[in-house]
Every structure is written in structure tokens, then in C-alpha cells.
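Subject: Structure handover

Hello,

Here is the structure I promised to pass on. Please look it over first; my notes follow below.

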Amino acid sequence: MKQYEIDAGQRPGTTTEESAQLKALKKENAELKRANEILKAAASFFAAELDRPHTRS
């Protein structure tokens, strides 16, 4: 059995509760990665805005 096949399924010896916790953590991790991508995009947008010359009124 390949490692990715083991990682995709429930590992032998894990309880269903542990498996559920693992699934929840993976979901949370995916959401955090997505939020991080959004923050990086926002940061580069604001950096570009700060570099742009602004006229004061």
C-alpha cells in the first residue's frame, strides 16, 4: 500500500473519534491555507497601493 493511500483512508488502529478529529483538522487546515492566500493577495495589493504615488487634496 502506498503512503498516500494510507493517508487518504482511516489508518489501522485509529478510532472513529480520532479519524473524525483528523478530518476536522484537515478541513481547518485547508480553510487556514485559503485564508492565508487571501491575506497574501491583500498584502501585495496594499503594498502596491503604498508604492503608488498619491496626490493629497
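A residue is buried under 20% relative accessible area, exposed over 50%, and partly exposed in between (1.4 Å probe, protein chains only). By that rule, Phe45 is partly exposed, because its relative accessibility is 48%.

Some ground rules. This is a predicted model, where local features need pLDDT of at least 70, side-chain atom pairs count only at pLDDT 80 or more, and totals for chains, interfaces and linings use all residues. Residues are numbered from 1 along each chain as its sequence is written, and side-chain values use heavy atoms, with hydrogens and water left out.

Overall picture. The protein has two helices and zero strands. Both terms refer to DSSP runs, numbered from the N terminus: H or I for helices, at least four residues, and E for strands, at least two. Of the 57 residues, 2% are buried. The exposed surface comes to about 5,600 Å². Carbon and sulfur atoms supply 59% of that area. Accessible areas come from the Shrake-Rupley method with a 1.4 Å probe; for residues, only the protein chains shown count as cover.

Aromatic rings. The whole structure was searched, and one aromatic pair turned up. It joins Phe45 and Phe46, and it is edge-to-face because the ring planes stand at 70°, with the centres 5.4 Å apart. For pairing, rings of Phe, Tyr and Trp (its six-membered ring) need centres within 6.5 Å; planes under 30 degrees apart are stacked, over 60 edge-to-face, and the rest tilted.

Salt bridges. There are three. Each needs a side-chain nitrogen of Lys or Arg within 4 Å of a carboxyl oxygen of Asp or Glu.

- Glu31 and Lys27: their closest N and O atoms are 2.9 Å apart. Both residues sit in helix α2 (residues 16-51), four residues apart, or about one turn. Glu31 is partly exposed at 45% relative accessibility, while Lys27 is exposed at 55%.
- Lys40 and Glu37: the N to O distance is 3.4 Å. They are three residues apart in helix α2, so about one helical turn separates them. Lys40 is partly exposed at 48%, and Glu37 is partly exposed at 49%.
- Arg52 and Glu49: the side chains meet at 3.0 Å, N to O. Arg52 is partly exposed, with a relative accessible area of 44%. Glu49 is partly exposed at 25%.

Over to you.

Best wishes
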